Amino acid sequence: MRPRVTLKLATSLDGRIAMASGESQWITGPESRLHGHRLRASHDAILVGVETVLADDPRLNVRIDGENHTDPRPVVLDSLLRTPPSAKLLDRAWVVTTATPRDLGRGEVIQIAPDASGRPSPEAVLELLGSREIGSVLIEGGGRVAASFVKAGLVDVIEWFRAPVLLGHEGRPAIAALGFDRLSDTPRFRRLAVSPSGDDLWERYEKA
């Protein structure tokens, strides 16, 4: 059985995750960031693309004052194996690549089959994680990773934190191009809940 996949988005009202320059801290408020850490704590693995690692050097752990949680396993999709050996998350990470594996000094590098674009196939990624007893995956970024799993029909739940700010067309989109030509081909989701999260809005959806 493949892992259950949750896509977490933290965006402006117009669905942007960063300015054109890459500046993104912080679009959403502290309440949404707290909920985001609780989402991390409820998943076995947290998935990002290498661009997120290069831009932010995140730890992808759970940070909640006064609460102890098990950190999810960081998984980095890195087709050309650009993850730097100094990356903070490498102590615990699995780096999934389509390139020839090499030792990064920490973490584990795993080679899998590419999709048509040469990047790690979403189906192969989930097959790998399922074989390693990962039952739930939280996707946190970036836009191309989100798009690849959405297009493959592999996103089960969306947790969307939307801040009351507009970044405009030049901002970086939460989901990259999907390439659908017809509206009937696009994936559909059913809204489960909408609630305030400080000044933000927290929307929850499941695959229809």
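Predicted model: local features only at pLDDT ≥ 70, side-chain atom pairs only at ≥ 80, totals over all residues.
Let me start at one residue: apart from its neighbours within four places in sequence, Leu80 is in contact (heavy atoms within 4.5 Å) with Thr97 and Ala99. Residues are numbered from 1 along each chain as its sequence is written, and side-chain values use heavy atoms, with hydrogens and water left out.

Leu80 itself is placed in the loop between β4 (73-77) and β5 (94-97), where helices (H or I, at least four residues) and strands (E, at least two) are DSSP runs numbered from the N terminus. Leu80 counts as exposed because its relative accessibility is 64%; buried means under 20% relative accessible area, exposed over 50%, and partly exposed in between, with a 1.4 Å probe and protein chains only. Between Leu80 and Phe189 there are 109 residues in sequence, and their C-alpha atoms are 33 Å apart in space.

Now to the whole protein, which has four helices and 11 strands. The C-alpha trace spans about 50 × 45 × 35 Å along its principal axes. How does the radius of gyration compare with that of a compact globule? For 208 residues such a globule would have a value near 17 Å, and the protein's 16 Å agrees with that; the radius is taken over C-alpha atoms, and the globule rule is 2.2 Å times the number of residues to the power 0.38. Of the 208 residues, 45% are buried, and among the contacts between residues at least 6 apart in sequence, 65% join residues at least 24 apart.

Next comes Arg40, which belongs to helix α1 (residues 30-41). Is Arg40 buried or exposed? Arg40 counts as buried, because its relative accessibility is 11%. Its side chain has two partners to look at here: the backbone oxygen of Asn61, reached at 2.7 Å, and the side chain of Glu140, with which there is a polar contact of 2.8 Å, meaning a pair of N or O atoms within 3.5 Å where, within protein, one must be able to donate a hydrogen and the other to accept it, and residues adjacent in sequence count only if both atoms are side-chain atoms. Beyond four places in sequence, the residues in contact with Arg40 include Ile46, Leu60, Val62, Pro72 and Leu138.

Leu60, in the loop between α2 and β4, is buried, with a relative accessible area of 2%, and has a positive phi near 55° although it is not glycine. Asp57, in the loop between α2 (50-56) and β4, also has a positive phi, near 45°, but is partly exposed, at 26%. As background, most residues other than glycine have a negative phi, and most peptide bonds are trans.

That brings me to the cis peptide bond between Gly141 and Gly142, with omega about 0°. Gly142 lies in the loop between β7 (136-141) and α4. In helix α4 (residues 143-151) the buried residues include Val145, Ala146, Phe149 and Val150, and after α4 comes Gly153, with a positive phi near 70°.
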